[in-house]
Every structure is written in structure tokens, then in C-alpha cells.
Amino acid sequence: QVQLVESGGGLVQAGGSLRLSCRASGRTSLSYAMGWFRQTPGKEREFVAAISWSGSYTEYADSVKGRFTLSRDNAKNTVDLQMNTLKPEDAARYYCAATPAYSGNSFYRRAISYNYWGQGTQVTVSS
């Protein structure tokens with residue numbers, strides 16, 4: 001079992017930045033691919049970004065490409081999502097997810113691929 005706890009959400013003006021962090025605990029000795037998703041009321045959970053266990057491969061949704069950067073520190077069991085130039089449409093509850101990776105370079109875009117989820121952290125962007 002892996003437990004994920006997100007932090008760093010909050011209220012920010014459009015054009016501003018936030019840094020979300022996800023800390024994993026529990027059975028962290030395995031190799032996990034990590035991802036971030038977001039969800040607003042009445043909508044499906046949306047892929048934001050993913051990173052391989054090695055950290056060598058990242059993938060971003062088109063809507064955040066060039067503005068968001070995903071990184072990880074396996075020694076600290078953390079994954080950080082740096083969000084710049086935030087837009088009102090980025091407002092959502094952001095969830096961290098983890099899944100045992102097929103290989104060190106695997107990453108996944110689909111929510112169904114992830115076994116473990118955090119409780120989420122709210123991001124509000126004012127216009």
C-alpha cells in the first residue's frame with residue numbers, strides 16, 4: 001500500500017504560480033510512475049501530467065504544456081508540480097496518483113492505470 005498526500009494548493013490570481021507537492025509513504029520501495037490529475041464538479045477527472053519512475057520521461061496535457069513542470073525526488077518520495085501562468089480554467093481539485101511501473105521509463109495518461117490516489121488539493125484561480 002502507498003499513501004499519497006498532496007499540498008500546496010490555494011488561491012492565486014490569474015498569471016500567478018503555485019507549486020503542488022505530493023509525498024508518498026508506505027511501500028515506497030517499489031518503482032512507481034506518478035501522475036497528476038484534476039477535476040471540477042460535474043466533470044470527469046482530467047489528466048494533467050505524468051512522470052516515469054526514472055524521472056527521465058514526462059508527459060503533459062496540451063492545455064498545460066509549456067506552463068506546468070513535473071519533477072520528482074525519489075530519495076524524498078516526493079513529486080512536485082510547478083504551475084506557472086495560471087488561468088481561471090486551471091482551477092480544480094488536483095490529485096496525485098501512483099502506480100507500480102512496468103519499467104523505469106513508463107508513464108501513464110489514463111486515470112484507470114493508477115492504483116493509488118491522494119485526497120487532492122484545491123486550486124482556485126481568480127480572474
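Modeller: Let's start with the inside of this predicted model: the search turns up one cavity of 30 Å³ or more.

Colleague: What makes that space a cavity and not a pocket?

Modeller: A 1.4 Å probe fits there but cannot get out, and a pocket is an open set, so cavity is the word. The largest cavity holds about 110 Å³ of space.

Colleague: On to the cysteines. Why is the Cys22 and Cys96 pair called a disulfide?

Modeller: Their sulfurs sit 2.0 Å apart, and the cut-off is within 2.5 Å, so the pair counts as a disulfide. Searching the whole structure finds one disulfide.

Colleague: What makes the disulfide left-handed?

Modeller: The torsion about the S-S bond of Cys22 and Cys96 is about -80°, so it gets that label. Cys22 is in strand β3 (residues 18-26) and Cys96 in strand β9 (residues 92-100), so the bond ties together parts 74 residues apart in sequence.

Colleague: How do you know whether Cys22 and Cys96 are buried or exposed?

Modeller: Buried means under 20% relative accessible area. Cys22 comes out at 0%, so it counts as buried. Cys96 also has 0%, so Cys96 is buried too.

How values were computed. Residues numbered from 1 in each chain as written. Predicted model: local features only at pLDDT ≥ 70, side-chain atom pairs only at ≥ 80, totals over all residues. Heavy atoms only, no water. Helix = DSSP H or I, 4+ residues; strand = E, 2+ residues; numbered from the N terminus. Buried < 20%, exposed > 50% of the residue type's maximum accessible area, 1.4 Å probe, protein only. 1 Å grid on protein atoms, 1.4 Å probe; cavity = no way out; pocket = protein on both sides within 12 Å on 5 of 7 lines; lining within 4 Å. Points joined across faces, edges and corners; volume = space filled by probe spheres on them.
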